[in-house]
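Hello,

Please find the structure below. Some notes on salt bridges and helix packing follow it.

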Amino acid sequence: MRPATLVRLALAGTRTDTARVVLTALSALLATLAGLAALTVLAIEKPAGDAWAQSEQYHNALLREPGLRGGTAFALLMLMIPVLALAGQCARLGAPARDRRLAALRLAGATPGQVTRLVVLETGVAALLGTLVGLGVYLVGRDLLHRPDARGQLILPTDVLPSPGALAGVVLGLPVVAALATALMLRTVTMSPLGVSRKAARERGPGPWAGLLIGFGVASFALIRPAVYRFDDSEELAWLVPLLFAVGAFAAMIGVVIGTGWISYNCGRLLRRHARRPAALLAAGRLMADPWAGSRTFAALLAALIFGGGAAAQRAYFATKDQLDREQSRLAGVDGGGANPFYLSTMDLVDGAIAVAILIATGGLIVALVEGIVARRRAYAALVATGVPRATLSRSVAWQALVPAVPAILLALTVGTLLGRGLVTEVSAGGGSTSICEATAALCDDPATREQYTRIVHIPEVQRVVPVPLEHLVWLGAGALAAVLVTVGVGLLFLRVSTALDELRTT
C-alpha cells in the first residue's frame, strides 16, 4: 500500500473518527505547551556569581531563584500526565466504528500489518498536527507576553528559548510516543475480515499485587529524608535522592491506577452478593466483566489526586512552620518577625495547577464514559427492547461509575498524603538567639547608642508534629466526586439516545 493511500485512508472515516482525531490533536497541543513551558524554565541560565545569585530579570521568585526552577519544571511536567491520559481516552473514542472500518479494509485485501500501520498513522498524524499548532501557539504567545514592567522584570521567562534539539524532541517525540502507544494497544488484537476482535479471555479478577507498588513508593519517599541527611556532603550519591523521588512517585501512581482494577472487581463481587435491585446487579456484572475499565477511566483523575494529596501535606508543613515561627517571634518579643509567606504563596500556584489537572481529567472522564455507553449501545437497546426501563439502565451506569470511584479516590488521597508526609512529619523552630533593641528607632540606628539598649534573647527550640490536612483532603475528595457526578450526568444524556430501538438495526 502506497504512503499516500495510507494517509488518505487514515484521514477518512465518520464524524466520530473526526472527533477522535480533533481531540487527539487537542491533547497533543496541551501536552506540547506543558512540555515547552517546563523546558523554558529549565533553559534559564544561572547568573554569574556565587550559589545564591538570582536571576533578577524575573518578577516571580519561582523563576528568580535557581534552586526552585527544578521543582517548577517538575510541576509543569506533571500537568502532562492528565493530558496524556486524556489522549489515551480520546484514542478509544468510536472504537467499534473504527473496528468495522478496519474490517472492511481487511475484506478489501489489506493485511493485519497494513491495518495496524493505518491506525498508527492516524494517531501519529493527529498528534503531529497538535504539536505543530502547540509550537505555533508557544512562539506567538512568547512574543505577545514579552512585556517587562516598570522595573524591567518579566512575569514569564519570555527572554529564553529551549534549544532546537529540545524543541524538536517535544514536537516530534510526542507523536512518536502516541503512535508507539497505539501500536502497543493493538498488539493483542487481531482484526478478522468479519470485524471480530480477538482478546484473551479473563478467567479471574486482578490480584492485590498493586499494593506492593504502592508500598514500594511510600517506602521510597520515607527514605528520602534519611538519605538527604546521610549523603548531604557526598557528590557521588547526589543522584540517589532524585531517583528515590522519581521512582517512588511513579511506582505509587502506577500502583493506585492498577489497584483500581482490583477495587472494581471486588466492589462488583460485593455488589453482586448483597444487591437486590436490577440496576445494582447489572453494574456488578459489568464491573466484574471489565475491572480494568475503572483503571483506564480514572487514571488521570487519580494521578491528579495523588499529586494533590502530596501538595496538601506540604502545605500543612509550611503552614505549621509559619505559625511556629510567628509564635517563637512573639515569645522573643520580635514583632512581625520569623514569618515567610513565600512558600504558602507558592503552594497557591501548585493548587491552581492541581485544579487545572482535575479539570482536564474530568474531560477525559466524560470522553471515556460516553465512549463506553456508545460502544455498548446495541446491548442497551436490546435490554430496552426486552422491557428493561431506561431508568434502571441509568441507575446501573451511575452505580458502575460511583462504586469504584469512591474507594479509588480515598486510596489516591491517602497515598498522596503518605508520600507528602514521608518527606516531612514534624517541624522545628528556634534553637538560636537574636538581638532586640528596646529603644526608639533613632537610638537603635545610631551605632554609638544601639549596644546600650540591645539585649540578647535566646529562643528555645520547639518541635511540632505536622497535622494531617483533613479539611484540604475533604475538599479535594469532594471536588473529585463532583467531577465524577458531572461525568455521570453528561453520560446519561447520551444513554437515552443510545437506547433507541433503531440501534438494534443500525449497529
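Is aspartate 351 buried, partly exposed or exposed? Aspartate 351 is partly exposed, because its relative accessibility is 22% (buried is under 20% relative accessible area, exposed over 50%, partly exposed in between, with a 1.4 Å probe and protein chains only).

On the source: this is a predicted model, in which local features need pLDDT of at least 70 and side-chain atom pairs count only at pLDDT 80 or more, while totals for chains, interfaces and linings use all residues. Residues are numbered from 1 along each chain as its sequence is written, and side-chain values use heavy atoms, with hydrogens and water left out.

Salt bridges

The count is three salt bridges, taking a salt bridge as a side-chain nitrogen of Lys or Arg within 4 Å of a carboxyl oxygen of Asp or Glu.

Aspartate 351 pairs with arginine 315 in one of them, at 2.9 Å from N to O. This pair links distant parts of the chain: arginine 315 lies in helix α12 (residues 292-332) and aspartate 351 in helix α13 (residues 342-375), 36 residues apart. Helices (H or I, at least four residues) and strands (E, at least two) are DSSP runs, numbered from the N terminus.

Arginine 326 and aspartate 322 form another salt bridge, with the closest N and O atoms 2.9 Å apart. Both are in helix α12, and because they are four residues apart, about one helical turn separates them. Aspartate 322 is buried at 10% relative accessibility, whereas arginine 326 is partly exposed at 40%.

Glutamate 327 forms a salt bridge with arginine 464, where the closest N and O atoms are 2.8 Å apart. Here too distant parts of the chain are linked: glutamate 327 is in helix α12 and arginine 464 in strand β6 (residues 462-465), 137 residues apart. Glutamate 327 is partly exposed, with a relative accessible area of 21%, and arginine 464 is partly exposed at 28%.

Helix packing

Helix α10 (residues 240-274) packs against helix α11 (residues 278-289) at an angle of about 150°, and their axes are 8 Å apart. Axes are lines fitted to C-alpha atoms, for helices over the stretch in contact, and angles run from 0 to 180 degrees between N-to-C directions.

In the contact (heavy atoms within 4.5 Å), the α10 residues include Ser264, Tyr265 and Gly268, and those of α11 include Ala280, Leu281 and Ala283.

Regards
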